[in-house]
Amino acid sequence: MTAGVPSSPIDTSKPHPARVYDWLLGGKDNYPVDQEVGEGLPAEARANAGRNRAFMHRASAWLAGRGVDQFLDIGTGIPTEPNLHQVVQAVAPHARVVYADNDPIVLRHAEALLVSCPEGRTDYIHADVREPLAIVERASRTLDFGRPVALSLIALMHFLPDDQDPYGITRTLVDALPPGSYLVLSHGTADQHPELRRETESAYKKGAIALRMRTRAEVEPFFEGLELVDPGLVTAPEWYQEQPAPVYERSGFYVGVARVP
């Protein structure tokens, strides 16, 4: 556990998005309340979670291969190997990675997120994305914001309704990044699964978890002012660099990687 970070009690009476996602990925660090939400989701939700995770792996490895060696991952979730630092340090052993999440169960697993290559470094911040400046301030103790940083917002912003200003929060985080940095973002959508929208929203609503799936046009503003790299804003199974997507699959996530000019 990160030194100086107090332990927080885990509320097992209410579901949490990070633990529901863990269940969708086949993890064991969840509770009956989380499992109930997961079981209420369409069967396709598990495949979509896996496709989203695979995108994160591909995008992170690609960035590390292009020389990016600093990563800030907000909304980390419960550790599921390979974790982001394992992916990027396999390419760039000296890479530095800072994780941030607000779920106490992620804090409990922080030691798993801090097992870095000897040449690199990792850190964990117990914080909420709705306090972006506090995250940046703490991350700056490990990361050098005078050099490029890859900011990851994976399967996170759809849990922020419009009245919590997800676009403004993203802009605040991006504005803290120097030129040559990147935003890596994935966002839930029902565009390719319109018939599953009601079932998905109902399951999260029953668990009192805010969910705001967005259309492609509503995801685009997260990348405003940035330079999307090929293949642009696409669904998770379509994001490939060295080769075209192997097969066509419907997806519940839009994804993109964009450079800070």
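Biologist: Which residues line the largest cavity?

Modeller: The lining consists of Ala 18, Tyr 21, Asp 22, Leu 25, Arg 53, Thr 76, Gly 77, Ile 78 and Thr 80. This is a predicted model, in which local features need pLDDT of at least 70 and side-chain atom pairs count only at pLDDT 80 or more, while totals for chains, interfaces and linings use all residues. Residues are numbered from 1 along each chain as its sequence is written, and side-chain values use heavy atoms, with hydrogens and water left out.

Biologist: What makes a space a cavity?

Modeller: On a 1 Å grid over the protein atoms alone, a cavity is a set of points where a 1.4 Å probe fits but cannot get out, and its lining residues have an atom within 4 Å of a point. By this rule there is 1 cavity of 30 Å³ or more. The largest cavity holds about 40 Å³, the volume being the space filled by probe spheres set on the points, which are joined across faces, edges and corners.

Biologist: Why is Ala 208 called exposed?

Modeller: Its relative accessible area is 74%, and exposed means over 50%, buried under 20%, and partly exposed in between (1.4 Å probe, protein chains only). Ala 208 is therefore exposed. This residue also has a positive phi of about 60° although it is not a glycine.

Biologist: What class does Asp 165 fall into by relative accessibility?

Modeller: Its value is 43%, so Asp 165 counts as partly exposed. The phi of Asp 165, near 55°, is positive too. Most residues other than glycine have a negative phi.

Biologist: How do you know whether helix 7 is roughly parallel or roughly antiparallel to helix 8?

Modeller: Helix 7 (residues 132-139) and helix 8 pack at an angle of about 25°, with their axes 9 Å apart. That makes the two helices roughly parallel, because angles under 35 degrees count as roughly parallel, over 145 as roughly antiparallel, 65 to 115 as roughly perpendicular and the rest as oblique. Axes are lines fitted to C-alpha atoms, for helices over the stretch in contact, and angles run from 0 to 180 degrees between N-to-C directions.

Methods. On a 1 Å grid over the protein atoms alone, a cavity is a set of points where a 1.4 Å probe fits but cannot get out, and a pocket is an open set with protein on both sides within 12 Å along at least five of seven lines; lining residues have an atom within 4 Å of a point. Helices (H or I, at least four residues) and strands (E, at least two) are DSSP runs, numbered from the N terminus.
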